[in-house]
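Thanks for coming, everyone. Let me take you through one structure. Please look at it first.

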Amino acid sequence: MKTIFIGIALLAMALPVRAQSEYAVSDIPVAMKSRADAVVRQEAITVDMVTPTKVRYHVKQAITVFNRGGEDKARLVIYYDKQTVIKQMSGRVFDADGFQIGKFTQRDFKDESAVSNFSLYEDTRVKYFLPAVTTYPYTVAYEYELELRQNLIIPAWRPDAYWDVAVQHSQYTFVCKQSDELRVSTTNYTGEPVSGSLDGRKTMTWTVANLPAQRYEPYSPDPQTYKTTVRIAPMDFSYYKQEGHYSNWEELGKWKYQSLLAGGLELPEKTVQTVQQLVQGAASDKEKAKVLYEYLQRKTRYVSVQIGIGGFKPMAASDVDRLGYGDCKGLVNYMQALLAVANVPSYYCIVEAGNAKRDIRPDFASMEQGNHIILCLPFEKDTTWLECTSQRLPFGYLGSFTDDRTVWACTPTGGRLLRTPGYGADVSTQHRRVDLVLDEDGTLSGHMETVFAAGQYDNHLEIAESNGGEQVKLLKGAYDVDHIDFSGIGYQKPIGEMPTLVEAFKLRLPKYAPENGGQVFLTANIFNRQPTVPTIKDRRLPVYINRGYTDEDRITYTLPDGFMLVAGAWNEEIESPFGQYQTSVMQAGNQLRYYRKLVLNEGMFPAARYSEFCAFINRVHTLDNRKAVLAKQ
């Protein structure tokens, strides 16, 4: 009887403990688990702008991880430097039933320099932590606080930034003095923030709840256009003891020019004399600029420099001149100094660089926008743009890294928004001509020439600038055909209105199309086959084709005596809102002639047309892989 009583007592003691468990996976709504690798259970972010040089950034968040795909969200990574101080950080780990199975503090975090492999100088460090848990699901709860010693850049709130991660609850609160003037930008947020007060100071709070996991959809627009974001920019700011006020791009550009750019353009007298000699006899400002750009490319190389205010302030032109290197800011500033000696005006421009075209937002000036610097030469009838970090790009060509987007120019009179040039499908071309001989054993050998122009100019530029074994390795990666061999490799860059790269080489494909049962099965399109795109039911996002282009391939096969095309001749055309496609195979005497042309149109299309887009691309894929059947007669 006594034993039974003790057992009941122990059970009674256990019940309250289980009732107090946290973050049980069973508590997550079914809709939040659907297609989710992880779920943000709770997230509370508070930004307290005590003063312009003391901004507290406090975060509490709990994330349940269902599988390895959700690990990235559970990994806490915190960057810090002299302007960002870690005040505290800790956390706990819970099992599937919501019971704590571990905890950690700041000493458990790994701490490393955050110097990237392309950066020479950088004072940023990183602390990071990922629980050593291999049994899914589990939950990790973090709490940390940073102190930002500047308010020029306030971290934005992006509650649904990750693919395949659901959000049960996320809240963002900004606290400041009643007298502080702010500019606020919200994207894809329904409703207004909740306003309040805390100890006589004003607060604004944004909240989202029950956001299901979003899957990645190919050919979709920039996530910043459809995901929730809140940005805050104080009008009065301090940054590395530099103070200022702005409410628009003009004012911010004027502050940046006066505080960070002016005064760094002086050059040594010897360099001034060199510049004057170089431009002597040039017929126009554009000719002067071209000569000096080529001088910049010969004299300097790119390195990254991210120390203190150097994240925004360029190295002095005299230092770049002496050292022979600089980051994008320093090299643009140096090029400006060279041009100034020749009395050629230029604009220092901030751009959001990358293959995806992302504009500087015209309606919301803020310092965190942009990650790269380029140079604008505002000639009266022919505005020219320069990428000053490249030793390969021709004068006046930006390439896909910074083309066709709104940028922010800093001038003596203030900031201006400009747009870089884009290259349409009609000029962004790749024309290929191949002549091959098919031997009796199925080996192909011959010559190929490809001309890349405008938006496709830099497709093989890295290959063109390499040599030896590295060049062959890169070519084999570009032309991914088994056992392909190259010889006689050469590249040319003809001078013309559009940048053009000509690639030529001899090639050999051993036993590419051997005889099989008295027939030869030849995939006529060897080098340029369109990959498929996945079909997606219930497409949510518009179809976005980032940039258009035109590819044209002509391949002539000289056949062994007596070989005839017995099956597989075709001549097909496809017309679509997304582009056009033509392909044909025909025999003329002892030659088999293959032709292919694909035009892809840049643009945005409704989500409902994704199935039509899939049909177009996947039909192109099918035809690209079609075989011609040859037999000896």
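**Rings, strands and helices**

The count comes to 27 aromatic pairs, where rings of Phe, Tyr and Trp (its six-membered ring) pair if their centres lie within 6.5 Å. This is a predicted model: local features need pLDDT of at least 70, side-chain atom pairs need pLDDT 80 or more, and totals for chains, interfaces and linings use all residues. Residues are numbered from 1 along each chain as its sequence is written, and side-chain values use heavy atoms, without hydrogens and water.

Which residues form one aromatic cluster? They are Tyr-219, Phe-578, Phe-605, Tyr-610 and Phe-613. Arg-539 lies over the face of Tyr-610, 4.3 Å from the ring centre. Elsewhere, the charged end of Lys-227 sits over the ring of Trp-163, at 4.0 Å from its centre. Here "over" takes NZ of Lys or CZ of Arg within 6 Å of the ring centre and within 35 degrees of the ring normal.

Now the strands. These are DSSP E runs of at least two residues; helices are H or I runs of at least four, and both are numbered from the N terminus. Two strands pair if DSSP finds at least two bridges between them. Strand β26 (residues 444-453) is antiparallel to β25 (residues 429-438), with nine bridges. Val-437 faces Ser-445 in β26. Ten bridges join β26 to β28 (residues 500-509), also antiparallel. There, Met-448 stands opposite Phe-505.

Last, two helices. Thr-271, Val-272, Val-275 and Gln-276 in α5 meet Tyr-334, Leu-338 and Val-341 in α8. Contact means heavy atoms within 4.5 Å.

Conventions
Phe/Tyr/Trp six-rings, centres within 6.5 Å; stacked < 30°, edge-to-face > 60°.
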